[in-house]
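Reader: I am new to this structure. Please take me through one part of it closely.

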Amino acid sequence: MSEFDLAVMKPETMKSYIWLQTADGSIQQVEQEVAMFCPMICQEVIQKGVGSSKNHAISLPQRVNPAMFSLILDYCRFHQLPGRSNKELKTYDERFIRMDTKRLCELTSAADSLQLKPLVDLTSRALARIIEGKTPEEIREIFHLPDDLTEEEKLEPLKNTMDDPRIRLLNRLYAKKRKELKERERLKDVEVEEHVDERSVDDLLSFINGRDPKVVKMSKGKKKKKKKKDLKIVSSNDIHEKESHDLHSKQQCVEETGSSVPNLPSAEDDNSMPKAGSEDEDIDDEIDPAMREMLDREVEDFAQRLNSNWVRSLGQERRPVHFSINGNGTTRRRTGPSP
Amino acid sequence: MEQKLTDGLGSSNRDAVNEDRISELPDALLLQILSSLPTDNAIATSVLSKRWRSLWTMLPKLKFDSDFNPVFDDDNIDPCMFSENVYKSLSLHKAPVLESLHLKFEGRTDCLDVGIWIATAFARGVRKLVLDSFYHEEQIVTLPSVLFSYNDTLEILKLKNAIDLDFPSRVCLKSLRKLYLDQVHFKDEESVCNLFCGCPSLEDLFVHRYGNVDVATFTIAVPSLQRLTIEDLRSEGGYGNGSYVINAPALKYLNIDGFNDIESCLIEKALELVEAKISNVSDITNENILESLTSAKRLILHLSPLEVKVPTGKIFHRLVCLELRTYEREWWNLLSIMLDSSPKLQILKLTDVYLHNDKQNPDVRKWNPPKCAPECLLFHLETFVWIGYEWQRGDEKEVATYILENARQLKKATISTKRIEREMLEKLEKRREMLNELASVLWDPNSCHLVFEST
């Protein structure tokens, strides 16, 4: 009997098939319920009505080569059968993904193009497990990744190209803090002023948020610009010098801990600082002089307050600094759970 | 799991490019793979190759755990290093929205660091923020309250453990829908108020606290609140007896657990209440718990009538489903009152899931069944379930008999008893006898399906 006759007759006992064509041109027929397990094939059949005969075979995406397709069909065949227990499925899946990484990648790609989400999830988790806990060299070897980053790029993985002025501000704040901490470390012998700053960490951060009462009086439209006032805290010269010291110490730290997480060094600030400085001045021009004077005063204030806090936090490394910072000087009895 | 690759003898650069199958995958897939990795591993991939350099910055969810590395001693974990990494990662992150940021850090972290992390996360539009601070030498972190003075992206906030909350003025968390406070410490009652009042969209509140450690009266006054769970873990050595005030007119789901030895618990009536679960309450000097739940459709009461005021009269006019725990003292009296007070009851469930062996001696007080059959039994009760039925106890047998006898609309009754070993033939026989007895008192054996189970 010709295929045409078979298609016409279709008695109940006969299965129906879908015709599929892989990237290499070969055509095969697959049981309907198995093929329809793939959303992409399902869509083609329903929306375009193809796949019912050899001449109208569904063309599979290029990422699906015959070997992968046969694997996927095995998966679909197993999973589409109703009545499988979760344990059965899990055991099957675990055995199914045991293959070399190259095939795993191809399989992920193929499953993705067929929109077969459960298999994509399974394979991507397997790939994640392979990557987890390995050093970059190991990962590159396993996946044959080209080692095409320069040494510099590796040390400074990314430049901060964040446009958000608040992020840049926080960058500076953080850099300044680190710088000052290092400086204090070195000058530990020097007598420190006894003056206790009553103001809290809250006030410091209110500058960041622009919620400081004095500053809030300005028009609301200038909110974002308010945050730039911190940029004037330090001159870029100072930063350059200190940053290079920071980089060295940071690298030392990394070597000691031996962690595989790349050190995101302070050096990147070197790159962003001078640039950002000039940009900010442009923006600051929009603020009228009277306001700018006020901002300058605030900045001085702010810098002073920052200093005081770090002094205290340095001198009292292991004591609960947080209580005294709030200004009431009382320590709280902790009757909570033990760590 | 996978076989070692056997090729690769001096592969040239060109070969390497051809062999690299993983980098061919679309960005979305690579991101999916990265999402399954712990965050620090994912960030480490940025040194792999050009393709991978900035992939991780599009990750929607980030989690940093300063306790993660078990190799090093406590003393060697450098909080500065951790702060540095967190901060840098956050500022490099580029995805349009930071879906979720989860930070686990030590109590001795400088609160300026914590402040900068939070500020950066807010600047990145974070939707879900989890701060878990674990105790280190009894130190806790005070959250910089000023950061919460305005935020309109945060939807879920979870604060755990060694965190101190001090809000001298009202916060403004416009989009916050879910708030979890897990053993955190409020500085004063004003802070509690300033926090709750500043969340106009708050729907879910989950509080897990040591009731006698921070504030004396814990007031929850949130007009938008729909789901509330309070678990009080009273600690030994606390001071004073706390109080609770709950004012949530839009409340739909209430769960109270562990109010023991409390000065007062006052709940405003919640007219939209769908379900309430009250468990483990005792010794409350001044309370109106059950009175406030009269609009409920479902009630789960794991408490004894000796510990709370049980109002009488047909007040539970919407109650359709009731569950009582048979482990409580004089639970059967609670049952009587509730049957009388709930005219529309359709489902009754009695449970003792743990099959306690030390229940109160049944002879101490006799059960007083309702004087005349309650309305619900006559007209509405259709389902009766008893888990952990102790067929040897007289009091339980009385209750079971009463219900089965009088429930005229009963369609299904399920009684589940403790498992008896196959060898204990005599016991098995006795149980079978007793269960048959029960079956015989059924009001309408034809329309009621009686099921006996054994756990």
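Reader: How many bridges join E4(B) to strand E6 of chain B, and which way do the two run, parallel or antiparallel?

Author: Two bridges join E4(B) to strand E6 (residues 163-165) of chain B, and the strands run parallel. Some ground rules come next. This is a predicted model, where local features need pLDDT of at least 70, side-chain atom pairs count only at pLDDT 80 or more, and totals for chains, interfaces and linings use all residues. Residues are numbered from 1 along each chain as its sequence is written, chains are lettered from A and ligands numbered from 1 in written order, and side-chain values use heavy atoms, with hydrogens and water left out.

Now the sheet itself. Strands (E, at least two residues) and helices (H or I, at least four) are DSSP runs, numbered from the N terminus. Two strands pair if DSSP finds at least two bridges between them. Strands of a sheet pair through backbone hydrogen bonds, either parallel or antiparallel. In chain B, three strands form an open sheet, in the order E4-E6-E8, with parallel pairing. Strand E4 (141-142) and strand E8 (185-186) of chain B stand at the edges. Each has a single partner strand, so one side of each is left without a neighbour in the sheet. One bridge can be named by residue: Thr142(B) has Asp164(B) in E6(B) as its partner.

Next, the aromatic rings of chain B. Phe186(B), Phe196(B), Phe218(B), Tyr244(B) and Phe259(B) form one aromatic cluster. Rings of Phe, Tyr and Trp (its six-membered ring) pair if their centres lie within 6.5 Å; planes under 30 degrees apart count as stacked, over 60 as edge-to-face and the rest as tilted. Over all chains, the whole structure has 16 aromatic pairs. Take Phe196(B) and Phe218(B): their ring centres are 6.0 Å apart and their planes stand at 80°, so the pair is edge-to-face. Phe196(B) lies in helix H6 (residues 189-197) of chain B and Phe218(B) in strand E10 (residues 217-221) of chain B, so the pair ties together parts 22 residues apart in sequence. Both Phe196(B) and Phe218(B) are buried. Buried means under 20% relative accessible area, exposed over 50%, partly exposed in between (1.4 Å probe, protein chains only).

Chain B also has a charge over a ring. That label needs NZ of Lys or CZ of Arg within 6 Å of the ring centre and within 35 degrees of the ring normal. Lys158(B) lies over the face of Tyr180(B), at 4.4 Å from the ring centre.
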